[in-house]
Amino acid sequence: QVQLVESGGGLVQAGGSLRLSCATSGRTVNSYAMAWFRQAPGREREFVAAISWSGGSTSYADSVKGRFTISRDNAKNTVYLKMNSLKPEDTAVYYCAAPYYQGTNPPYWGQGTQVTVSS
């Protein structure tokens with residue numbers, strides 16, 4: 001069984017920063033590529049960022065490239081999403097998911113954490 005628990009969301013002004021965390025459990029999670037997705041009200045869920053099991057490879061949606069950084073600490077069973085220069089359009093519920101394979105829908109999801117960026 002894989003469990004994912006996000007935290008770190010909140011209300012921030014435009015231009016501010018937040019760091020999201022995804023605590024993972026399950027004996028094979030550290031061997032998975034992990035990803036962050038987000039869903040804004042009235043919009044479809046969209047990919048944000050992904051990281052390989054080792055942390056050596058990352059990918060980002062064009063909308064967040066250069067502003068967001070995904071990382072992981074396998075010793076702590078945690079994946080992070082550092083978000084800088086936040087914009088109102090970044091407002092969404094953010095979810096971590098695993099295992100991630102490009103173009104597929106991960107089977108395991110967290111409950112999500114709300115990020116609200118005020119203008």
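Strands here are DSSP runs of E with at least two residues, numbered from the N terminus, and two strands pair if DSSP finds at least two bridges between them. The model is a predicted one, in which local features need pLDDT of at least 70, side-chain atom pairs count only at pLDDT 80 or more, and totals for chains, interfaces and linings use all residues. Residues are numbered from 1 along each chain as its sequence is written, while side-chain values use heavy atoms, with hydrogens and water left out.

Let us begin with strand 8, which covers residues 78–83. Strand 3 (residues 18–25) runs antiparallel to strand 8 and is joined to it by six bridges, and within this pairing Ser21 stands opposite Tyr80. Strand 7 (residues 68–73) also pairs with strand 8 in the antiparallel sense, over six bridges, and here Ile70 is found opposite Leu81. Strand 7 and strand 8 form a hairpin with four residues between the strands, where Asn77 takes a positive phi near 55°.

How many of the six residues of strand 8 are buried? Five are, so strand 8 is largely enclosed by the rest of the structure, where buried means under 20% relative accessible area, computed with a 1.4 Å probe on protein chains only.

Ala98 counts as buried because its relative accessibility is 0%. Leaving aside neighbours within four places in sequence, Ala98 is in contact (heavy atoms within 4.5 Å) with several residues, including Leu4, Tyr32, Met34 and Pro107. Val29 is 69 residues away from Ala98 along the chain, yet their C-alpha atoms are separated by 7.8 Å.

Technical notes: Buried < 20%, exposed > 50% of the residue type's maximum accessible area, 1.4 Å probe, protein only.
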